[in-house]
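Thanks, everyone. Let me put the model up and walk you through a few spots.

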Amino acid sequence: MSRAFTKEIDDAPPPPVPERPVSAARNLVTPNGARQIEQMVAALMQQTAATSDNEVLAALKRDLRYWEARRSTMEIVEPSAAPAAVKFGTQVSIRRGGMVRDIRIVGEDEADPAAGAIAWTSPLARALEDAAPGDTIEFEVAGREEDITVLSVTAFA
């Protein structure tokens, strides 16, 4: 094909990898969350040193910048040994919609709702904050009010 029929965009370099957004909220982490961040930084540094593919390297460096930023701002919160109310770093047993569920209140990077770990910045964690066992809170979800009862609050490692 003649060069006259190619578009300039065909010769353009690939667009840069977009940065990962960093939350504006305080970077509260549990001791386990701090270990996870350190492990991510170490793994990404190792992967960055081991690759020569420019596209892969760009993505790895982007992720490394994110995790280094999270490491530099992390505030490690030691859990209370005997919490009286829902706070960051607690495990909470709740009754919601007739079902009992255990959740842990953790840092944003530790959150894994499917595994029962929710970020302290999530609407549910904020609604539960300072609730004690026996308290019932009203939680708005999808435009309706839902009652959630706190059954127990414990520390987790």
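Threonine 30 is buried, with a relative accessible area of 4%. Buried means under 20%, exposed over 50%, and partly exposed in between, with a 1.4 Å probe and protein chains only. This is a predicted model: local features need pLDDT of at least 70, side-chain atom pairs count only at pLDDT 80 or more, and totals for chains, interfaces and linings use all residues. Residues are numbered from 1 along each chain as its sequence is written, and side-chain values use heavy atoms, with hydrogens and water left out.

Where does threonine 30 lie? In the loop between β1 (27-29) and α2 (31-50). Helices (H or I, at least four residues) and strands (E, at least two) are DSSP runs, numbered from the N terminus. Set aside neighbours within four places in sequence, and threonine 30 contacts Ile76, Val77, Phe88, Gly89, Val106, Glu110 and Phe156. Contact means heavy atoms within 4.5 Å.

Next, alanine 127. Helix α4, residues 123-128, holds alanine 127. Alanine 127 is partly exposed, at 26% relative accessible area. Beyond neighbours within four places in sequence, alanine 127 is in contact with Ile137 and Phe139. From alanine 127 to glutamate 140 is 13 residues in sequence and 9.1 Å in space, C-alpha to C-alpha.

Last, glutamate 145. Glutamate 145 sits in strand β7. Its relative accessible area is 49%, so glutamate 145 counts as partly exposed.
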